[in-house]
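Dear colleague,

My notes on it come after the coordinates.

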Amino acid sequence: MEVGMHTDSKSRAETGAESGPRGPGCSLRHFACEQNLLSRPDGSASFMQGDTSVLVGVYGPAEVKVSKEIFNKATLEVILRPKIGLPGVAEKSREQLIRNTCEAVVLGALHPRTSITVVLQVISDAGSLLACCLNAACMALVDAGVPMRALFCGVTCALDADGTLVLDPTAKQEKEARAVLTFALDSVERKLLMSTTKGLYSDAELQQCLAAAQTASQHVFRFYRESLQRRYSKS
Amino acid sequence: MAAGFKTVEPLEYYRRFLKENCRPDGRELGEFRTTTVNIGSISTADGSALVKLGNTTVICGVKAEFAAPPTDAPDKGYVVPNVDLPPLCSSKFRSGPPGEEAQVASQFIADVIENSQIIQKEDLCISPGKLPEVTINEETALAEVNLKKKNYLNIRTHPVATSFAVFDDTLLIVDPTGEEEHLATGTLTIVMDEEGKLCCLHKPGGSGLTGAKLQDCMSRAVTRHKEVKKLMDEVIKSMKPK
């Protein structure tokens with residue numbers, strides 16, 4: 001965990017990519033990621049996309065309650081806490097999406113009868129919240145050393161009234177959009193792992209958004225790689 | 001002997017069928033189960049519908065009540081969907097507060113109703129002082145087909161849901177049964193309305209899908225929509241005018 005990291009126990013990485021003026025097209029907001037910030041969880045990460053920020057802690061593989069154990073793989077639990085108020089039905093729905101996405105990539109078969117718990121706390125929400133949660137969860141799982149067969153990232157697209165695509169929308173853009181689509185893509189073949197959408201859109205628009213998301217995911221994966229390289233090159 | 005093999009190795013048992021391009025209940029990979037639709041069964045509700053998709057049965061009741069509007073939208077009504085999955089429908093569920101699946105399903109229905117704009121909330125407004133609220137209660141097992149009946153309510157679109165399951169990251173089957181969903185590596189639900197617009201593409205994790213496979217699912221969803229719409233039109237025609 002923290003063994004061997006003499007310098008600061010936090011490692012911060014930022015991207016200056018695509019932080020120019022956001023015109024209609026494939027530009028993402030400024031990313032920042034910090035790993036290993038919390039001392040109790042086995043892995044933790046804080047991911048920022050523009051003003052949206054999510055803090056994640058991962059515990060595992062750890063002891064699991066007999067009622068929840070699965071004989072041949074690890075049990076994954078996700079808890080999402082909103083910024084204000086008690087968790088409600090919408091949080092339960094998001095937890096299920098994040099959990100199923102993580103289950104598809106985590107090699108649970110290597111740790112049977114254990115539990116891996118992912119706890120997400122929303123620090124601030126300025127649009128593209130689910131995508132930020134997915135990115136933070138991936139970084140935290142990597143920080144915890146949970147074996148995974150691929151990395152995953154979340155990308156949000158918004159379609160406004162005249163069909164223009166905006167990637168990584170802000171809260172205002174999401175509210176005014178006709179449709180908001182969130183995708184989770186894996187790093188190996190850019191396949192679609194998870195998708196959840198809001199609003200009405202056509203088939204062609206879906207394919208367009210998916211293609212744009214796949215291109216944008218390259219930037220996110222490159223950012224993951226750079227931030228991890230920076231972290232491990234220090235020691 | 002087959003029953004023993006099925007209990008010990010359910011996945012292998014299933015794979016044997018998939019290799020021959022069919023399923024244990026005799027269906028093709030792209031075939032739906034028999035769909036039955038029945039309306040008006042609950043007399044105390046303002047509207048009700050019963051839908052059977054094979055053995056999966058869902059009953060839905062709609063009630064309209066007077067309520068005050070939310071302060072941030074004084075000229076709109078609201079719809080409150082509630083999905084109840086009681087122990088009656090499956091041994092998976094226990095009695096008590098709604099489990100995760102019921103909550104997720106309620107949220108899903110709320111999203112589909114909002115996305116498809118099936119009813120305009122402004123239509124529910126009587127006067128900017130008092131507004132009716134519509135509550136939907138669903139019981140028994142899970143189903144993926146939504147049904148709304150015209151009853152003095154202006155129904156704008158008819159969204160129809162189609163569900164798929166992904167096996168071993170490659171094979172796609174349509175309308176999975178409970179056992180198939182359990183063995184599948186991923187599920188996908190597409191809700192489409194009549195103009196071919198998508199209201200919801202719900203893929204909660206699971207194995208990855210390429211764009212081409214998604215396109216295939218869309219085309220199947222379109223054909224399914226036509227079938228179900230025909231069924232719904234027949235049912236509505238047969239409804240006695242009140």
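This is a predicted model: local features need pLDDT of at least 70, side-chain atom pairs count only at pLDDT 80 or more; totals for chains, interfaces and linings use all residues.

Between chain B and chain A, 28 residues of chain B are in contact with 28 residues of chain A. The area buried between these chains is about 2,500 Å², and carbon and sulfur atoms give 54% of that area. Of the area that chain B buries against chain A, B:Glu100, B:Leu198 and B:Leu201 supply 21%, more than any other three residues.

B:Glu100 also forms a salt bridge with A:Arg99, in which the closest N and O atoms are 3.0 Å apart. The count of salt bridges between chain B and chain A is 1, and 12 residue pairs are in polar contact, with both residues at pLDDT 80 or more. On the side of chain B that touches chain A, helix H3 (100-116), strand E9 (197-202) and helix H5 (211-238) each supply at least two residues. By class, that side has 9 nonpolar, 14 polar and 5 charged residues.

Turning to helix H2 (residues 10-19) of chain B, the buried residues there are B:Tyr13, B:Tyr14 and B:Leu18. These residues lie on the same side of H2(B), because they cover an arc of only 140 degrees around the axis. Their packing partners in chain B are helix H1 (2-8), strand E6 (160-167), strand E7 (171-174) and helix H4 (178-183). Just after H2(B), B:Asn21 adopts a positive phi of about 60 degrees.

Yours sincerely

Methods. Residues are numbered from 1 along each chain as its sequence is written. Chains are lettered from A and ligands numbered from 1 in the order in which they are written. Side-chain values use heavy atoms; hydrogens and water are left out. Buried means under 20% relative accessible area, exposed over 50%, partly exposed in between (1.4 Å probe, protein chains only). Helices (H or I, at least four residues) and strands (E, at least two) are DSSP runs, numbered from the N terminus. The arc is that of the directions from the helix axis to the C-beta atoms. Contact means heavy atoms within 4.5 Å. Buried area is the accessible area (1.4 Å probe) that two parts lose on being put together, summed over both. A salt bridge is a side-chain nitrogen of Lys or Arg within 4 Å of a carboxyl oxygen of Asp or Glu. A polar contact is a pair of N or O atoms within 3.5 Å; within protein, one must be able to donate a hydrogen and the other to accept it, and residues adjacent in sequence count only if both atoms are side-chain atoms. Ala, Val, Leu, Ile, Met, Phe, Trp, Tyr, Cys and Pro count as nonpolar, Asp, Glu, Lys and Arg as charged, and the others, Gly among them, as polar.
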